[in-house]
Amino acid sequence: MKKEPQKADSLTQVVATINDRLRVPWISGARRFDLSLIPPLILLPVFLHIASWHFLLGIIVLTTLPLLVILYYYLTHRKKGRTLFFLSLAVFSLFYMFYLFIAEVVPRGDVNHIQLGAVTTGVALTVISLINTKRGPGYVRPHPTETHSTVTYHNPQSDIDAAYLNGARHQVVIANRVSSPDQTGESGTASVEPREGQKRNWCSVCKVVRPSRAGHCRICGVCILRLDHHCVWINSCVGQANHISFLLTLVLFVLTSLYGISLVLRSVCPQQSVMMALFYCPDVYNQHSTALCFTCAWYSSIVTGGLLHLLVLQLINVSYNTTQREVRLALREKTGRTLLWGLIVDTGVYCRGFRSNWVEFLTMSNALEPPNPKPTDLV
Ligand SMILES: [Zn+2]
Ligand SMILES: [Zn+2]
């Protein structure tokens, strides 16, 4: 207004202030409305419609879109910023693809009731599983008597957790497993400073001694039990309490998406096999409706390809009883064994054989009692 030169971060501050002040009326009182929810709702339909005008535009848009998303990821996630952009994009993509399936593909008459029912059930189950995943990853409680993490207390000799390296692992385990403060002879409250041996596992932000395999998420600002990673697509951490439902969400999404893509391609390009139709489908751009369906099939294939890669990595990690966080640490410190050009990373710490690893993974959330507190909202 005064025609004075603006500081470089002025715009960021303005957006942050608007974001903070923007509230919507809610039953339990006004709630903050995050502006990062909006762009996917506008950009995705616009980009997909432009991409369906011509196959060259399709190539440009479908390569630019992932690059823009990756750029935004580096601008926000790498700076440990919290955003609903990715969750909004993921959920809206799912619903928008389903809407176009109902509005554009089903009226063509090539999809029967059973196939429609299968896709609808797949979408519904994916959403239910996603909501279940968002219930919380399992937080490290301030009071040591309330912390349970049964997935870590075997194979102590090979445990290379930070606390074990400095000879303190035994103390950490005791501090988190005692049933009564009297058993350790100390109160164990959050305000108590860590003993000398516990300092490597002490989180100065949460004021807790973390059990083995727990980690502090700098985006969520809390310590998570058996932390796997912070997933921007669900805007939450993946930990001991929600890892199974996270994996289930991935499986349901990938299966539903692959089935939906095959139905779409069979409808818009019946003269070709499904795989061939994705790469060569003559006359598909003659009609806007078929071109839009074809473009959405491509968009869904790109997203599904990315998630299929993540699913494979997750299945490998569970089979070797490692978390994504432990894999990253092992690669950084060069302590793990890598196989298949780095696709498999075995940290060699918790692995007890394929079957035992899966049994441990599928039963680990049973150890979490009572239900976890929810410091954040569902979104
Ligand atoms: Zn913490
Ligand atoms: Zn997190």
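This is a predicted model: local features need pLDDT of at least 70, side-chain atom pairs count only at pLDDT 80 or more; totals for chains, interfaces and linings use all residues.
The protein has 379 residues, and 34% of them count as buried. Its secondary structure consists of 13 helices and ten strands. Among contacts with a separation of 6 or more, 67% are between residues 24 or more positions apart.

An unreviewed UniProt entry places the feature "transmembrane region" at residues 56-75, 84-102, 114-131 and 244-265. Two of these spans can be compared with the model. Residues 56-75 are 100% helix and 0% strand, with 29 Å between the end C-alpha atoms. For residues 84-102 the figures are 95% helix and 0% strand, and the end C-alpha atoms lie 27 Å apart.

Two packed helices are described by the angle between their axes and the distance between the axes. Helix α4 covers residues 85-105 and helix α9 covers residues 243-268; they pack at an angle of about 25°, and their axes are 12 Å apart. Angles under 35 degrees count as roughly parallel, so α4 and α9 are roughly parallel to each other. Their crossing is left-handed. On the α4 side the contact is made by Met97, Phe101 and Val105, and on the α9 side by Gly260, Leu263, Val264 and Ser267. Five of the residues in this contact are nonpolar, two are polar and none is charged.

The remaining points concern loops. Valine 205 sits between β3 (202-203) and β4 (208-209). This residue counts as exposed because it has 10 C-beta neighbours inside 10 Å, and the limit for exposed is 12 or fewer. Apart from neighbours within four places in sequence, valine 205 is in contact with His216 and Gly221. Its C-alpha atom is 7.8 Å from that of valine 222, which is 17 residues away along the chain.

Most residues other than glycine have a negative phi. Asparagine 235 has a positive value, with phi near 50°. Its place is the loop between β7 (229-231) and β8 (236-238). Is asparagine 235 buried or exposed? Asparagine 235 has 24 other C-beta atoms within 10 Å and is therefore buried, as the cut-off for buried is 20 or more.

Aspartate 283 also has a positive phi, near 70°. The loop that holds aspartate 283 runs between α10 (274-279) and α11 (288-319). With 11 other C-beta atoms within 10 Å, aspartate 283 is exposed. Thus asparagine 235 is buried, whereas aspartate 283 is exposed.

Notes
Residues are numbered from 1 along each chain as its sequence is written. Chains are lettered from A and ligands numbered from 1 in the order in which they are written. Helices (H or I, at least four residues) and strands (E, at least two) are DSSP runs, numbered from the N terminus. Two residues are in contact if their C-beta atoms, placed from the backbone, lie within 7 Å. UniProt positions are given in the numbering used here, feature names are shortened, and annotations may be inferred rather than shown by experiment. Axes are lines fitted to C-alpha atoms, for helices over the stretch in contact, and angles run from 0 to 180 degrees between N-to-C directions. Angles under 35 degrees count as roughly parallel, over 145 as roughly antiparallel, 65 to 115 as roughly perpendicular and the rest as oblique. A crossing is left-handed if the near helix is turned anticlockwise from the far one by less than a right angle, and right-handed if clockwise. Ala, Val, Leu, Ile, Met, Phe, Trp, Tyr, Cys and Pro count as nonpolar, Asp, Glu, Lys and Arg as charged, and the others, Gly among them, as polar.
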